[in-house]
Amino acid sequence: MTSTPATPVSVALLTLGCARNDVDSEELAGRLAADGFALVDDPEDADTVVVNTCGFVDAAKKDSIDTLLAAADLKETGRPQAVVAVGCLAERYGAELASSLPEADAVLGFDDYQDISGRLRSILAGERPHPHTPRDRRLLLPISPAERQAVVDRPADEVDIAIPGRAAIRRRLDGGPMAPLKLASGCDRRCTFCAIPMFRGSFVSRRPSDVLQEAAWLAGQGVKELFLVSENSTSYGKDLGDLGLLETLLPELAAIDGIARVRVSYLQPAETRPGLVRAIATTPGVAPYFDLSFQHASATVLRRMRRFGDPDSFLGLLAQIRELAPEAGVRSNVIVGFPGETEEEFATLCGFLVAARMDVTGVFGYSDEDGTEAAALPGKLDEDEIRARVQHVTDLVDELTAERAEERIGSVVEVLVEEVDPDGTGDGTVEGRAAQQGPEVDGTTRVLGVPDARVGDLLRAVVTGSDGVDLIAEPAGGPS
């Protein structure tokens, strides 16, 4: 008598937050698929739903909890038997999250990732693992970056912390032509408003050979653009003994067969050295794109944030960039209403934004984050005042970025096609991103009249119009 093979356990991975979480989810997917799980897109079709949460700001936390609750509701009417929380919110709050959200069957931390298959099987068998106990992950590695590789290089069974550095198993969950590629994990900075280092840990670079190997694998999966992500890309290589390592790595990544474009994210302005500016601005195949985390422009506010800079130094950095690449894209984020922010300091920020002429600026109102220094700072602004300042800066930024997009009319751009016929009209319109447009947050470019284009093509186009930060273009003659 022939036995019928057991139906594999199915799992749906729902990812919230940043591109670093996208990579984590694909690594979890790779481990699960390698251990016999069936990956499904729809949580209604899954035996278990894993929600990779974000724990960065209040809005992201709320989205994560809402997603967990919605997944838990499916257990009452559908197939899912278990809902599991992973990711930054789970790592950051652990048992507290489990207690306040009994609808989730388990809350797992980063240390559970290496045996995620075993954890899920035990949960589906009815076991309820003890909720993750949060700890300050900065304390799990030596303070000195130079000493960290001794820990990273220890055998996996001797290390109980989830850190990069070993070859990762990865399974793509998004078949688009862009893929994030993790350079490093963690952060050594001590910005007073930010809790990320506490739950992501100290900064650890991945070895260049591992990054290149994964990049080549992604190219084999049809990826055309590599989006290099980390908490602080300007620190890449410092724990490997070479702070200029990114400058060396970029041309090697751009030379990989099948890769059309490499993009670097999250640069700390105070650490953005001239050699790195030149490498990003002038290396063929690397997008002249600068994701600069200014956060503010007033020197006194930045000191309270435990950061460095002022309008003159920031504008000087932008001048260096534009001297090498006049059409370079620049984006940033700013925090408005930081404790003690005076009207004069606020005016300094607004004046800087006018002078900087950036393509995109994210505007965030300050809010206390658990465990951060800023939560205990004096001079807290009234919430109504913060909202008013956020609205003022948002209106200013909308005007400035629309003007910056208009300045690009007449320029030639290279557009990575991400969607064909986005409106379903069959008129030959495609949508994608030019070199100055990062994934998801920097707007898009619509190219009209290219009926034969396919997803993943890189098109040369002339910008003919704009709509806010979005561009409208027509095909340009000549090869891309």
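Is Gln295 buried or exposed? Gln295 is buried, with a relative accessible area of 7%; buried means under 20% relative accessible area, exposed over 50% and partly exposed in between, using a 1.4 Å probe and protein chains only.

The exercises below use a predicted model, in which local features need pLDDT of at least 70, side-chain atom pairs count only at pLDDT 80 or more, and totals for chains, interfaces and linings use all residues. Residues are numbered from 1 along each chain as its sequence is written, and side-chain values use heavy atoms, with hydrogens and water left out.

**Exercise 1. Confidence**

Solution. 
- Step 1. Contact means heavy atoms within 4.5 Å.
- Step 2. Where pLDDT is low, the predicted coordinates should not be read in detail.

**Exercise 2. Aromatic pairs**

Task: classify the ring pairs Phe110–Tyr113 and Phe294–Phe314.

Solution. 
- Step 1. Rings of Phe, Tyr and Trp (its six-membered ring) pair if their centres lie within 6.5 Å; planes under 30 degrees apart count as stacked, over 60 as edge-to-face and the rest as tilted. The whole structure holds five aromatic pairs.
- Step 2. Phe110 and Tyr113 are 5.5 Å apart, centre to centre, with 75° between the planes, an edge-to-face pair. Phe110 is buried at 4% relative accessibility, and Tyr113 is buried at 10%.
- Step 3. The ring centres of Phe294 and Phe314 are 4.5 Å apart and the planes stand at 45°, so this pair is tilted.
- Step 4. Phe294 lies in the loop between β11 (289–291) and α11 (299–304), and Phe314 in helix α12 (residues 311–324), so the pair ties together parts that are 20 residues apart in sequence. Helices (H or I, at least four residues) and strands (E, at least two) are DSSP runs, numbered from the N terminus.
- Step 5. Phe294 is buried at 1%, as is Phe314 at 4%. Ring pairs link Phe294, Phe314 and Phe352 into a cluster.

**Exercise 3. Charges over rings**

Task: which rings have Arg263 and Arg389 over their faces?

Solution. 
- Step 1. A charge sits over a ring if NZ of Lys or CZ of Arg is within 6 Å of the ring centre and within 35 degrees of the ring normal.
- Step 2. Arg263 lies over the face of Tyr289, 4.6 Å from the ring centre.
- Step 3. Arg389 lies over the face of Phe346, 5.2 Å from the ring centre.

**Exercise 4. Positive phi**

Solution. 
- Step 1. Most residues other than glycine have a negative phi.

**Exercise 5. The barrel**

Task: trace the strands of the closed barrel.

Solution. 
- Step 1. Two strands pair if DSSP finds at least two bridges between them. Five strands form the barrel, in the order β14-β15-β16-β18-β17, with mixed pairing.
- Step 2. Strand β14 (residues 412–420) pairs with β15 in the antiparallel sense over four bridges; Leu416 stands opposite Arg433 in β15.
- Step 3. β16 and strand β18 (residues 470–475) run parallel, joined by three bridges. Val447 has Ala473 in β18 as its bridge partner.
- Step 4. Strand β17 (residues 458–467) and β18 run antiparallel, with six bridges. Val463 has Ala473 in β18 as its bridge partner.
- Step 5. The hairpin of β17 and β18 has two residues between the strands, and Gly468 takes a positive phi near 65° there.

**Exercise 6. An enclosed helix**

Task: why is helix α9 described as largely enclosed?

Solution. 
- Step 1. Seven of the ten residues of α9 (residues 245–254) are buried, so the helix is largely enclosed by the rest of the structure.
- Step 2. Among the buried residues are Leu245, Glu247 and Ala254.
- Step 3. The buried residues of α9 pack against β6 (178–182), α8 (208–220), β9 (225–229), β10 (261–264) and α10 (274–282).
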